[in-house]
Amino acid sequence: MSEQLKHNGKASPAQITYANMLFYGAWSGLGIMVITYLLYVSGLISPHVPLKEIPLLWSQPVNTYLEIGNVPHGWGWTALIAKGDFLNFVGIVLLASMTLVCYIPLIPSLMKRGEKGMALMAFAEVLVLALAASGLVNGGGH
Amino acid sequence: MKMDHLRLPAKIALFALFGVLLFAVAAYASGNETASAMAAATDGAHLGPDTGVAWWVWPLVLLFFCFILGIIAVLAGVGGGVLYVPLVSGFFPFHLDFVRGAGLMVALAGALAAGPGLLKRNFASLRLAMPVALIASSCAIVGAYLGMALPTNVVQLCLGGTIMFIAILLLVSKNTAHPVVTKQDALSLALGMDGAYHDPATGELVQWKTHRTLPGLLLFIVIGVMAGMFGLGAGWANVPVLNLMMGAPLKVAVGTSKFLLSITDTSAAWVYLNKGCVIPLMAIPSIIGLMLGSFVGVRLLAKAKPTFIRYMVIGVLLLAGGKALMKGLGI
């Protein structure tokens, strides 16, 4: 980033690009979430776990919910996308993906300016977020 | 009805009311469906108690509750997640696993919506955020797994202690609008942690740089783990570290902290999502309610008495922290 640009109080072009991508992605995600939720609770699209059963499950640990509700974990929800409850994950996943998507253009932009250290940092962040999203790292559960 | 005569908060409140009504009608319409038989409980897993409350009541209550929470959070200058997790886990029938999953989504959605404006006005600095975010988001994954692996009562106990600590932090911390940074340290210089922004309040161009960068970055290890473990968001910790320790001006610290949440909470949110800890029926009304509440809160900010609300929130946090501690102790 040029010193002049950095100290004139204006956001850098890379920061503006990031902001624009985030704006459209985040509000699209929220909009999709509202629409799919209304489709879900109205019963227009039938859910995988019946609505009346969920209050019996959400007071229990997650493993009970997965087992009794026959709910898949990880990316298994994609197979059930036609079901009202899992259709909601389209908006949720879009929101959770936005940071990763916005970080990708930063890498070539920083490289072009010769900021290899920062570009490496952006690449590492993409890897961290992709690893978290992949579900490859497995841990315990209640 | 002519909407032109209404002020913006009233319009938003009307919009929220319309949303609630729409939800109620939609929920009522689907209320006649017959409950299909669910797989029989096996291997010790069993259904929770039937409270006798219709399924659609809880999301509706949650939407309204989070709407109020959103207003209070803005007026008190705290993030939604820090109020959401202790209060919802304390006073609603949801298991902590789902409350933390929804809490992270609430904090994430708020940060994503606020991020673009903060970045464009240069109140959030990408340069300042990138190194911090890499540390905090990596550690948030560790925190999320730790939170999932530890017994629920242990997490409740830690959550109670953390909430009480946050309440005390809010009570005693005195942020500085423009901290004095006499010399930018070598690490800050190497990472380019400096910049400038136009302050609309004074019309001045404010130049800033950071110091004590290494201890500041190390603190983000702890902040990341806690954000992931409890699903709280971490604005309560980001701001004092960026402002008081590293010397970023308050506006840059607050803006960058909010933007940082969009990165830190993303990594932890994925862990909770992949583990099945996000139930849309409760998570989505929480997100929407809190966001609508935040919009109204911002508009009310000019008229409200923030000091009173801040003390009220500290009181509520102490109460919620105490309740979480008691839950953890099985009292």
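The model is predicted; local features need pLDDT of at least 70, side-chain atom pairs count only at pLDDT 80 or more, and totals for chains, interfaces and linings use all residues. Residues are numbered from 1 along each chain as its sequence is written, and chains are lettered from A in the order in which they are written.

**Exercise 1.** Determine what span helix H2 (residues 13-41) of chain A should have.

Solution. Helices are DSSP runs (H or I, at least four residues), numbered from the N terminus. The expected span is 1.5 Å times one less than the number of residues. For the 29 residues of H2(A) this gives 42 Å, which agrees with end C-alpha atoms 42 Å apart. After H2(A) comes Gly43(A), with a positive phi near 80°.

**Exercise 2.** Describe the side of chain A that touches chain B.

Solution. Contact requires C-beta atoms, placed from the backbone, within 7 Å. Chain A contributes 68 residues and chain B 74 residues. On the chain A side, H2(A) gives the most, with 15 residues.

**Exercise 3.** Classify the packing of helix H8 (residues 213-230) and helix H9 (residues 235-245) of chain B.

Solution. Axes are lines fitted to C-alpha atoms over the stretch in contact, with angles from 0 to 180 degrees between N-to-C directions. The angle is about 170° and the axes lie 10 Å apart. Because angles over 145 degrees count as roughly antiparallel, H8(B) is roughly antiparallel to H9(B). The residues making the contact include Leu219(B) of H8(B) and Val241(B) of H9(B).

Definitions and conventions: Helix = DSSP H or I, 4+ residues; strand = E, 2+ residues; numbered from the N terminus. Contact = placed C-beta atoms within 7 Å. Nonpolar A, V, L, I, M, F, W, Y, C, P; charged D, E, K, R; others polar. Parallel < 35°, antiparallel > 145°, perpendicular 65-115°, else oblique.
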